[in-house]
Amino acid sequence: MENTTASPAMPAEETGAAPDFRVKMKTRNVNVHYAEKHALRDVSLDIGEREVTALIGPSGCGKSTFLRCLNRMNDTIDICRVTGVLELDGQDIYDAGVDVVQLRASIGMVFQKPNPFPKSIFDNVAYGPRVHGLFSNKSDLEEVVVQSLRKAGLFDEVKDRLGDPGTSLSGGQQQRLCIARAIAVGPEVILMDEPCSSLDPIATARIEELIDELRQNFTIVIVTHSMQQAARVSQKTAFFHLGDLIEQGETPQIFTNPRHEKTQGYITGRFG
Amino acid sequence: MSYGTILAVLLVLTVVGFYLGRGRARAVAAAGRTRLHSLPGFYGAHVAIWIALPALVLFVFWIAFQSAIVEGIVWNGLPDKVSVLGETRQKEALAPEQKRLLIDNIVNYATGDIVSGEITALVKQGAARFLRLQALSAWIMAAAMAILAAIGLLVTYRSISPAMRARNRVERAVLILLMVASTVAILTTVGIVLSLLFEAMAFFTKISPVDFLFGLEWSPQTAIREDQVGASGAFGAIPVFAGTMLITVIAMIVAVPVGLFAAIYLSEYASRRLRATVKPVLEVLAGIPTVVYGFFAALTVAPMIRDAGAAIGLSVASESALAAGLIMGIMIIPFVSSLSDDIINAVPQSLRDGSYGLGATRSETIRQVVLPAALPGIVGAVLLAVSRAIGETMIVVMAAGLSAKLTVNPFDAVTTVTVQIVTNLTGDPEFDSPKTLSAFALGLVLFLVTLCLNVIALRVVQKYREKYD
């Protein structure tokens, strides 16, 4: 871990970043194998608390794989093997004593395609609190649901039809419902895997605004294919290419003054 | 000329027609230096279709109607006085059965089958005439088919031009072919229902439908002689249907939980390798002939249950509903598990990911997300399994009893609808006795019940669909 050569792919704290930067999640030398395929090589990246970190890169570069390591979603894939250090608040999340269920409650996830459960809007949001027993009575639960929907900016649109199926909403509303569902569990980190890739520009803008608001309370890691989106919503950006973390840094710096020529090539649209 | 030869010649003609049409299309295109509307192969196919189809349709209708026509001509050619079973009578004075017998004898003699009674000169003469007529009919048919094929070839061959839309016409022909295929399935169902209906009507002229549907006693032995004992002839179907229901319920109690849990394990928990071995093994169960299940139930399971019952002081019949139901349930397990497994697998992975991402465990995810999403399909699968259990015959014939008893005690012997149909129809049944005809009435009601079940299954599936999609 004590790699002190100032390569551009080293975490910000070790390259001397802003002083108010507090690390929420720390990863060192993360390697991921899918059976024989080496999908991610020696990735070391710090995720700052209460800021948005964007993971960018061409398809198949490993950014989604890395995201799924952060809440151990890769555990559900038999052939996937993860090595290296991944910490949340200094705690190793791959430690044998860690309860994956608790971990995922504190690191929520929003997926590429909106995936509301085949339940009512209310039950969708109440799912997490019910599973974790986060309320003592019915009005408590209602409060949690309403607050979560509010934070996700969806409450005003659905307050009269909380009993309708979640699948009856539009794509953008469904995605905000999924965000509300993640918030309802009370996570500290929210992982978003291309949350806008199946949405139209207006719904996308709405989600991006929401991400900016959520930054007040949550640490957010977002995988995106849209460089404009990364530039608009994130404070830190990490560029992945073919399983390697090529460059990471402040978003303005990555987009205006990339140090690495591959980053330069990608953000100017020469490949990817 | 045998039918095989005729069809073979037609096939050759069709192939030749295809190449002729294709060649002609190419030649036309080359001569006119124009682009054809369709690829040359479509012109060939168009010619081939018009050679084969009309001739084939003629063939089918000819085969269907020729025997009746030939028999009619043979009958009219017989002398006025005929003898049947040693009795000589005026031809017009014969009863329909006697007429049928005479014709059957002639046809059987002609085809080398068994003839009942004496082979008279009359039969020989009729048979010779029958053979002549049949050969003639085959020649006429072959000629007519040849003419149709030739017309088809000529007309389509000459119509080949760059502007002709052969591709669209072939497409239409394919469409019609597909429609005919689906119509055949539907018409067969209609035919089956009608044949059931007519025989059931014959039964209901002897026994009132009210007695049949609501009667509480089933004892289909009818008296042959006046003084016969033990032949009451009661046709109340309730106990029979109750027996079917009892065995079906027992079977479903076994099959639904076991099948469903097996499906959940296989689709959600089992590793890929385990699943690849276990699933085919489970499906082997579905490949066991039901008759094998039947004697397993009758010879192994039923005595075991009886002895176990005796050990704890219960009186269990040797042909208990429990044994038949248990084995039937085991037979249906692969049915339920295989269908449910497919349905559970069809639930999108994104829903599971969503649930895991919120920190739900596997069983929470299955209970609260996967199963609700799969429920309509599972209900459909279970209802299909129920109609399968109701219609199942071999196991109950061997393992369930024959006496119709109105009971809900699984240790009693009961009988089922299918068992009664089999016992009343096997052997050498007389088709004017209510005992034989009752099989058709039972079959009709059974058919209606399974039909209703299937309709309900479809409805349930649709209703949940509306709710979830």
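**Group meeting: two chains, one predicted model**

Let's start with chain B. It splits into domain 1 (3–164) and domain 2 (234–468), with bounds from an automatic or database domain assignment. The C-alpha centres of these two domains of chain B lie 47 Å apart.

Some ground rules. This is a predicted model, where local features need pLDDT of at least 70, side-chain atom pairs count only at pLDDT 80 or more, and totals for chains, interfaces and linings use all residues. Residues are numbered from 1 along each chain as its sequence is written, while chains are lettered from A and ligands numbered from 1 in the order in which they are written.

Now, where do the chains meet? 25 residues of chain A are in contact with 20 residues of chain B. Contact means C-beta atoms, placed from the backbone, within 7 Å. On the chain A side, helix H2 (100–106), strand S6 (107–110), H3 and H6 each give two or more residues. Helices (H or I, at least four residues) and strands (E, at least two) are DSSP runs, numbered from the N terminus.

Next, helix H3 of chain A, residues 121–132. Its buried residues include A:Ile121, A:Val125 and A:Tyr127. Buried means 20 or more other C-beta atoms within 10 Å of the residue's own; exposed means 12 or fewer; partly exposed is in between; C-beta atoms are placed from the backbone. What covers them? The cover includes H4, H5 and H6 of chain A, together with helix H12 (362–391) of chain B. Just after H3, A:Gly133 takes a positive phi of about 60°.

Last, A:Arg50. Its phi is near 50°, positive in a residue other than glycine. A:Arg50 sits in the loop between strands S2 and S3 of chain A.

Conventions: Contact = placed C-beta atoms within 7 Å.
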